[in-house]
Amino acid sequence: MTVNFKLTSMAAVLAATTAIPAAAELKYENNSGGYVLLYGQLNPALISVDDGQQTETRVLDNDLSNSRVGLRLLQPFGQNEFTFRLETGLGLPNSSEWNQLGTNFSGWTREDIRHVDFALKGDWGTFSAGQGSMVADGAAEVDLSYVGTALYSFTNDENGGFFYRDTNGVLSGITVGDTSSNFDGSRRGRVRYDTPEISGFTAGLAYGQNILASGDDDDYYDVGVRYSNTFAGGVEFAAAVAYSVRSSDANTGDRKDTIGSASVLLQNGLSFTAAAGTRSDDAAGASDPNYVYGKIAYEGDWIAWGKTGVGVDYFSGSDFDTAGSSTDAWGIAVVQRIDSINTDAYLKYRSHDFDDGTSFDKNEAWVLGARWRF
């Protein structure tokens, strides 16, 4: 199909999304202080990826924040709060399942289940059990900028499956996803404990297994600390650090990640965000990659629709896929809030450049999308 047709298709998708009226909150309260909340989102995007010699364009569900539906329940339980969360992705054709060789959309599978999570919270902290976030989930992605809706420390949501093409025109066996990651934590079937907040600090630890994927019998452990505060003059600051271990029983060795991120938002709308991480992998032949990431962004109320955010970021990685390799990625994006329909519309450009001693073309992606929430 031609790019023009895809542009027309995306225009229709955006028009349909923005034609949806802003829904009232689907919240149902009882007489004892509890409630049930239904929620969800749709995030269609027109994505065009250029590997230096070939361009592929599709309308897809953006895996940056995939379309999903969920339910939250809260019920006071003595001096404590009991909560339950059920959430699943919709299994739409998404940006993680395509490349130059075509598409391999899996549809809905059990791995689209994001949360089946029970928790009890009190003055003593929070205990959680079930499918849900490990402590390290989000520790590399602390981001107070509004443009973080589209531009953040994980740089390959839209083109992670695409192969680099060498300058002779031949596709390599190395994908964009092989050459960049922020090592952020994941969701697992786990037990987790988080301390109560003390002067802006919380800490947590968790143990879990990948209960949704067959063939993964590894154990996952992590610990982490988070901090957030608002200082004089309205300066907002947030940060997190985490250490996670994937322990294998298949004699392939353990994998250990150390990650952290921080973000500051000034009252004038200017923000600065940074992240970094290292990985130690004991598997035979594995490299030990590391990265640093930085972003400068600005946001303001420039038009009547809602807030506008713009930003530019840079990712520098070493030893991804191959020891001695280097990865450079940069991006620029604008995100526009449309308050009347609870939608974030965005346009982003991302460039990836990988060097392992072979001469590869750059991989470039353009993304035009809209995330509608209810």
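Residues are classed by relative accessible area: buried means under 20%, exposed over 50%, and partly exposed in between, with a 1.4 Å probe and protein chains only. The model is a predicted one, in which local features need pLDDT of at least 70 and side-chain atom pairs count only at pLDDT 80 or more, while totals for chains, interfaces and linings use all residues. Residues are numbered from 1 along each chain as its sequence is written, and side-chain values use heavy atoms, with hydrogens and water left out.

The pLDDT is the predictor's confidence in each residue, on a scale from 0 to 100. Its mean over the protein chain is 93. A value of 70 or more is reached by 94% of the residues. Residues 1–19 have pLDDT below 50. Beyond near neighbours in sequence, this stretch has 24 contacts in the model, a contact being heavy atoms within 4.5 Å. Where pLDDT is low, the predicted coordinates should not be read in detail.

Nonpolar cores were examined next. Such a core is a set of buried Ala, Val, Leu, Ile, Met, Phe, Trp, Tyr and Cys residues joined through side-chain atoms within 4.5 Å. The largest holds 16 residues. Ile 47, Val 49, Trp 98, Val 147, Val 335 and Tyr 346 touch the most other members. Two or more residues come from each of strand E3 (44–50), strand E21 (326–338) and strand E23 (363–373). E3 gives the most, with three residues. Strands (E, at least two residues) and helices (H or I, at least four) are DSSP runs numbered from the N terminus. Apart from this core lies another, of 15 residues, among them Ala 136, Phe 183, Ala 238 and Ile 259.

Residues up to four places away in sequence are not counted here. Tyr 346 touches Asn 43, Pro 44 and Ala 45, as well as Asn 62 and Ala 150.

Ala 365 is buried, with a relative accessible area of 2%. Leaving aside neighbours within four places in sequence, Ala 365 is in contact with Ser 48, Val 49, Asn 159, Lys 348, Tyr 349 and Arg 350. Val 235 is 130 residues from Ala 365 in sequence, and the two C-alpha atoms are 34 Å apart.

Two other strand residues were considered. Tyr 227 lies in strand E15 (residues 219–231) and counts as buried at 16% relative accessibility. Its contacts, neighbours within four places aside, are Ser 199, Gly 200, Phe 201, Phe 237, Ala 238 and Ala 239. Phe 237 is 10 residues away along the chain, with a C-alpha separation of 8.1 Å. Asp 117 is placed in strand E9 (residues 113–122). Asp 117 is buried because its relative accessibility is 12%. With neighbours within four places again set aside, Asp 117 contacts Thr 83, Phe 84, Arg 85, Ser 128, Ala 129, Gln 131, Gly 132 and Arg 190. Between Asp 117 and Ala 129, 12 residues apart in sequence, the C-alpha distance is 6.0 Å.

Ser 199 sits in the loop between strand E13 (187–194) and strand E14 (201–209) and is exposed, with a relative accessible area of 63%. Asp 319 belongs to the loop between strand E20 (306–318) and E21 and is partly exposed, at 21% relative accessibility.

A cavity is a set of points where a 1.4 Å probe fits but cannot get out. A pocket is an open set with protein on both sides within 12 Å along at least five of seven lines. Lining residues have an atom within 4 Å of a point. Grid points are joined across faces, edges and corners, and a volume is the space filled by probe spheres set on the points. The whole structure has one cavity of 30 Å³ or more. The largest cavity holds about 30 Å³. Its lining comprises Ala 140, Glu 141, Val 142, Asp 143, Tyr 152, Ser 153, Thr 273, Ala 275 and Tyr 293. The second largest pocket has a volume of about 210 Å³. Of its 14 lining residues, Asp 178, Arg 279, Ser 287, Pro 289 and Asp 321 lie nearest its centre.
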